[in-house]
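Please look through the sequence and the coordinates below before reading on. The paragraphs that follow start from the sheet and then turn to the core, a helix and a few single residues.

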Amino acid sequence: MKSQLKSRLSQRQYELLRMLAFEFKRWKCRIAAPKKFETKLTQLQLGSGARKLDGWLNVDMVDSDLNLDIATGHLPFSDNQFEVIVSQHVVEHLTLEDELLPLLKACFRCMKSGGIIWISTPDMKKVAQSYLDNKSTDMIADRQTRIPNWSLGEIPSQHFVNDIFHQQLEHRNLFDFELLDWALKQAGFSHTTQISESELIQNHGDIPVRKDDYQSIYVRAQKP
């Protein structure tokens, strides 16, 4: 159905329709969101998608344990609730000042002292370096190891930068370590460290492997 619709519309029209559908889903989610949510779980996954984890509270806008639009910056949890928060490839979908900073402050509030937050997102530095060194051909090859049928077709490889920055109007920002470090410290976190995906998996082996280190940045921070 999506492919048939896309074939009848220009790329711009198709992206705008997707954006409108997303905003409608966000509106419905905000209306239904609880003001307070009690849970005994101490591990929180923000932006779970289809990767729901047993023993975690999985949060997304649909088909999750708790449907929330985290872009509101409000999390309906008690203070000092969680020991661990994981968010993989979510923060790039949020505006920095109006959405991400309030969300990180909400995460800080509902985490226990000593709690750890793990974040991954496309790495601005890696994407820019790939463009300068290889016109993004290495980034394309890396993506195809994970999504074999993905291709830019006849479009020159440089367009990969536009694809990862915009992702059909879904992405709002890309981050490097310095920018993520700044955002996390604004929320109160400390001991921000750039890590690899393997370190996340070593600490939480129930999280599915993405194998996306080549294009992504993984960061770990702590609530003092």
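**The sheet and its surroundings**

Strands E5 and E7 pair in the antiparallel sense over 7 bridges, where two strands count as paired if DSSP finds at least two bridges between them, and where helices (H or I, at least four residues) and strands (E, at least two) are DSSP runs numbered from the N terminus. Within this pairing, Thr 121 has Ile 217 of E7 as its bridge partner. The model is a predicted one, in which local features need pLDDT of at least 70 and side-chain atom pairs count only at pLDDT 80 or more, while totals for chains, interfaces and linings use all residues. Residues are numbered from 1 along each chain as its sequence is written, and side-chain values use heavy atoms, with hydrogens and water left out.

The two strands belong to an open sheet of 7 strands with mixed pairing, in the order E3-E2-E1-E4-E5-E7-E6. Strand E3 (66-67) and strand E6 (190-195) stand at the edges and have a single partner strand each, so one side of each lacks a neighbour in the sheet.

The largest nonpolar core has 35 residues, and Leu 46, Val 59, Leu 75, Phe 77, Ile 85 and Ile 117 are those with the most contacts inside it; such a core is a set of buried Ala, Val, Leu, Ile, Met, Phe, Trp, Tyr and Cys residues joined through side-chain atoms within 4.5 Å. Here buried means under 20% relative accessible area, exposed means over 50%, and partly exposed lies in between (1.4 Å probe, protein chains only). Among the elements that give two or more residues to this core are strand E1 (43-46), strand E2 (57-60), helix H3 (96-109) and helix H7 (177-187), and the largest share, 7 residues, comes from H3. Apart from this core lies another, of 11 residues, which include Trp 56, Ile 116, Ile 195 and Leu 200.

Helix H6 (residues 159-166) has Phe 160, Val 161 and Ile 164 as its buried residues. They cover an arc of only 105 degrees around the axis (taken from the directions from the helix axis to the C-beta atoms), which puts them on the same side of H6. The cover over these buried residues includes E5, helix H4 (124-134) and helix H5 (137-146), contact being defined as heavy atoms within 4.5 Å.

Helix H5 also holds Arg 143, which is buried, with a relative accessible area of 10%. Leaving aside neighbours within four places in sequence, Arg 143 is in contact with Trp 150, Phe 160, Asp 163, Ile 164 and Gln 215. The side chains of Arg 143 and Asp 163 are joined by a polar contact of 2.7 Å, that is, a pair of N or O atoms within 3.5 Å, of which, within protein, one must be able to donate a hydrogen and the other to accept it, and for which residues adjacent in sequence count only if both atoms are side-chain atoms.

Asn 80 is placed in the loop between E3 and E4, and His 89 in the loop between E4 and H3. Although Asn 80 is not a glycine, its phi is positive, about 55 degrees, and Asn 80 is partly exposed at 43% relative accessible area. His 89, likewise not a glycine, has a positive phi of about 50 degrees, but counts as buried at 13% relative accessibility.
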